[in-house]
Amino acid sequence: SSSEVEEEEEEGKTPAQRFQHVQRNKKLAKKKANRAQAAAALTHRAQNKFSGRIPDGLGVKIWGPLDVERLNSCFRGAFRPSFYYSYRTNTVFVGADANRAAAFEFGSGHAADPPRTMVYKFVHRRFPCNPYELERLYKYCANPHVPHRDCIVAFMLLIEMRSFAQHLDTSLQDRTMRLLLDDPAYRDIPNPITRPEDMAFVERLHIPTRYLRTKDDGMTALRVMRAPDPKKPFDLEQLAQYALIYGRPGLENTWQGIAVDFAYRMHWRTLFGFALCRALCANSAGKTTLVRRFVLVMVRPGLYREAVAAYAAANPTRPFVAQYGADVEICQVHVPDDQVRNFSDDDVLRVLIHNRILLDWVDHAYTYGVVYLEQQFHQPTMSLDVFRDVNDERLQRLSVYGTPPAIPHWDGWREISEEDRYRLLFKRADKVAAQIDTEGVGLYYYIGMDPNVGPLWKRTPAHGTMPVVGSAINVALTNSVMVDATAAEGLSTPPKTESAPQPPAINIAQPEAATTTAAGGSRTTTGTG
């Protein structure tokens, strides 16, 4: 056998020859191990350089002459003001580099070149796009021998990406984000910002002049934003801009019911429900309570449809024809301040039917009601028992009717504009780099999250019976007003209607000698109510 032949050869060799033979075998074994290790390292590197599939919802940029799809580095605009995103190059700049890049692009209209540092060579679009770039950037940040300024840039990129990944719904996190969040090696990122002069590099406040104005005292301020026109309550774009700046989104003291995520996007369904409820209620000391009662009706699927069907059965000769088109006639409800607390669900349903509100509109406002309830459970309130009972009924009705459908062109999240982003930057310039208030974190939605499927969805009914709230009161309606719904792309064709009458329970005299006048592009009809 071969082993016997080798033993015979070994017996015929001198000790020096046997020693050389052993050394040669060790070298061959070491070379073989090194080749295997190098092959494994190349395989690991190739796997880490693979970014993987871009999750739906993060957005892609079509780039280059070959139309390559790349991850949109804007990250929904969720990063802090120390960063500047260039739409021209799909690149993110940090700190003082961001200030220079923004000034150059706003002034020249051309793309800014990235600084010639090692950081911008490690991560081509400034945020790590694969595990290999993440590993190189982390090692560079932790290296004490690299320039201090580059360490700050690397550190800010890492913590900003981690912050963004934490605010994403798990379905939108790519493999690099999951590695950054789950791997213990990246848990403690060394912070090189230790000196006051370091903050001078981090802070950035460059706002295009087209968004600024000079006051009489010579100070610079943002251009004045007009308040939403009460004659155009469904101008949802203007409402969203105004609420974003002045509505304290995400905090407890905010405009209730509007869903805001960590990228400061607002959900169109909640904006629509917010506008509809306030369009139906006249300005008074008890308006907030009246709006709350409308919300608690809209959040219960099928309740309005049942009311319309009941009126149809009781009054077959007086059909219910819902309003549609660019102009909608609305009679606002007004209740004496001392009777507001007795405003009931039945009163809400009568007001909705009297105004011939579309069934689809009330269904569409369902998300507004869910978010409204969600916010009430996040803050102390004396009406918590009422909200729990309503939520129990909501869960029971969901099992029967399902989630109310949305109107397609009013659905989804509203992306913030460049103007919105700079208004937020200017408004929070004196605060901690526009960081989101940690006390209001519970009122923000994760980016990519469906506001209809939140913690409330997981609640189980606590009671077996549905509550009846309120008692009979005298309800008065104001003069009818024609409001403009064109900004919200009001329906231009007759919708499907149910046969139901105008509710005789609300005894309102029809307007006489009504006149129509032009008011800010919309028509206003007034008369004696």
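Predicted model: local features only at pLDDT ≥ 70, side-chain atom pairs only at ≥ 80, totals over all residues.
Is Cys-151 buried or exposed, and what is its relative accessible area?

View 1. Cys-151 is buried, its relative accessible area being 8%. The structure holds zero disulfides. A disulfide would require the two sulfur atoms to be within 2.5 Å. Cys-331 also counts as buried, at 12% relative accessibility.

**View 2. The largest nonpolar core, of 118 residues.** The members that touch the most others are Val-119, Leu-157, Phe-294, Tyr-304, Leu-352 and Trp-361. Helix H6, residues 148–166, gives the most to this core, with 11 residues. Another core, of five residues, lies apart from it and includes Val-371, Trp-413, Tyr-445 and Met-449.

**View 3. Surroundings of Val-119.** Leaving aside neighbours within four places in sequence, Val-119 is in contact with Leu-137, Tyr-140, Asp-150, Val-153, Ala-154 and Leu-157. Val-119 and Leu-157 are both among the residues that touch the most other members of the largest nonpolar core.

**View 4. Helix H11, residues 287–298.** At 1.5 Å a residue, the 12 residues of H11 should span 16 Å. The C-alpha atoms at the ends of H11 are 17 Å apart, which agrees with that expectation. Nine of the 12 residues are buried, so H11 is largely enclosed by the rest of the structure. The buried residues of H11 are Lys-287, Leu-290, Val-291, Arg-293, Phe-294, Val-295, Leu-296, Val-297 and Met-298. One of them, Phe-294, is also listed among the residues with the most contacts to other members of the largest nonpolar core.

Note on methods:
Residues numbered from 1 in each chain as written. Heavy atoms only, no water. Helix = DSSP H or I, 4+ residues; strand = E, 2+ residues; numbered from the N terminus. Expected span 1.5 Å × (residues − 1). Buried < 20%, exposed > 50% of the residue type's maximum accessible area, 1.4 Å probe, protein only. Core = buried A, V, L, I, M, F, W, Y, C linked by side-chain atoms within 4.5 Å. Contact = heavy atoms within 4.5 Å.
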